[in-house]
Amino acid sequence: MYKLVLIRHGESTWNLENRFTGWTDVELTATGVAQARTAGELLKEAGYEFDVAYTSVLKRAIWTLWHCLDTMDRTWLPIVNDWRLNERHYGGLQGLNKADMAKEYGDEQVLIWRRSYDTPPPALEADDPRGQRHDLRYARLDPAQIPLTECLKDTVARVLPCWNEVLAPAIRSGQRIVVAAHGNSIRALVKYLDNIGDADIVGVNIPNGIPLVYELDADLKPIKSYYLGDAEAAARAAAAVAAQGKKA
Ligand code: 3PG
């Protein structure tokens, strides 16, 4: 049996301000740092060891991983940054307040933008300064790979190759891995691993900074999955994420 640990980054400045973030590279708040360190404590107390860690190229996930590994006294572990673990690109919504958008367009529309499987938010213009086409960290990508918006289906289409080419082979080779990523890149993985249908994935929300453990069989099929620590607190935190898109 294998174990896979997934962690959504701790609270970011734009989580706190309730703004659509996507590929915008925002910092953790003090609460986010504390959540990341608590995640490290939980993993340490439960005796987890890792051989390699994976994260995105966005600093809220990178810092989360660093704080978590620091708490475990494992800062020496190798870390692989893969852009395919980035948050879902939120297109023209990036920077806007989720509750304000619900007031303007209604809860239903915001739920579609946030959670529908195949309806993307409005796209950014290619030259929008909020876009990433001139961001050095993506310089080696084909411009067509740098999204102007994404629905979850688009995110699945880039996260799955990362799973198939990088994460799954590492697990199969016996490496114990931790992945620090984002609400929707983790939803993409969860959808695939748990074989969740396009309609049901709408109801799945990932809380910040709580390790999500998957126990996998020899074929990397889930045997069970659970949040480390207080399960009720994790459920409350997931419900709070769901509520972020409602009118204040
Ligand atoms: C964002 O990009 O705004 C968040 O990190 C995830 O947002 P969501 O829960 O609204 O999809």
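**Close-up views of a predicted model**

View 1. An α-helix has 3.6 residues a turn, so residues three or four places apart point the same way. Just after the helix, Gly 47 takes a positive phi of about 80°.

**View 2. The packing of helix H2 against helix H3.** Two packed helices are described by the angle between their axes and the distance between the axes. Here H2 and H3 pack at an angle of about 40°, and their axes are 7 Å apart. That angle makes H2 oblique to H3, and H2 passes H3 in a right-handed crossing. On the side of H2, the contact is made by Val 33, Ala 36, Arg 37, Ala 39, Gly 40, Glu 41, Leu 43 and Lys 44, and on the side of H3 it is made by Thr 64, His 67, Cys 68, Asp 70 and Thr 71.

**View 3. Helix H7, residues 183-193, a helix that is mostly covered.** Of the 11 residues of H7, 10 are buried, namely Gly 183, Asn 184, Ser 185, Ile 186, Arg 187, Ala 188, Leu 189, Val 190, Lys 191 and Leu 193. The buried residues of H7 pack against helices H5 (107-115) and H6 (152-172), and also against the strands S1, S4 (177-181), S5 (212-216) and S6 (222-227). Just after H7, Asn 195 takes a positive phi of about 55°.

**View 4. Leu 141 in the loop between H5 and H6.** With a relative accessible area of 18%, Leu 141 counts as buried, because the cut-off for a buried residue is under 20%. Leaving aside its neighbours within four places in sequence, Leu 141 is in contact with Trp 83 and Ile 146. Trp 83 and Leu 141 are 58 residues apart along the chain, and their C-alpha atoms are separated by 9.7 Å.

Definitions and conventions:
Residues numbered from 1 in each chain as written. Predicted model: local features only at pLDDT ≥ 70, side-chain atom pairs only at ≥ 80, totals over all residues. Heavy atoms only, no water. Helix = DSSP H or I, 4+ residues; strand = E, 2+ residues; numbered from the N terminus. Axes fitted to C-alpha atoms, helices over the stretch in contact; angles between N-to-C directions. Parallel < 35°, antiparallel > 145°, perpendicular 65-115°, else oblique. Left-handed = near helix turned anticlockwise from the far one by under 90°. Contact = heavy atoms within 4.5 Å. Buried < 20%, exposed > 50% of the residue type's maximum accessible area, 1.4 Å probe, protein only.
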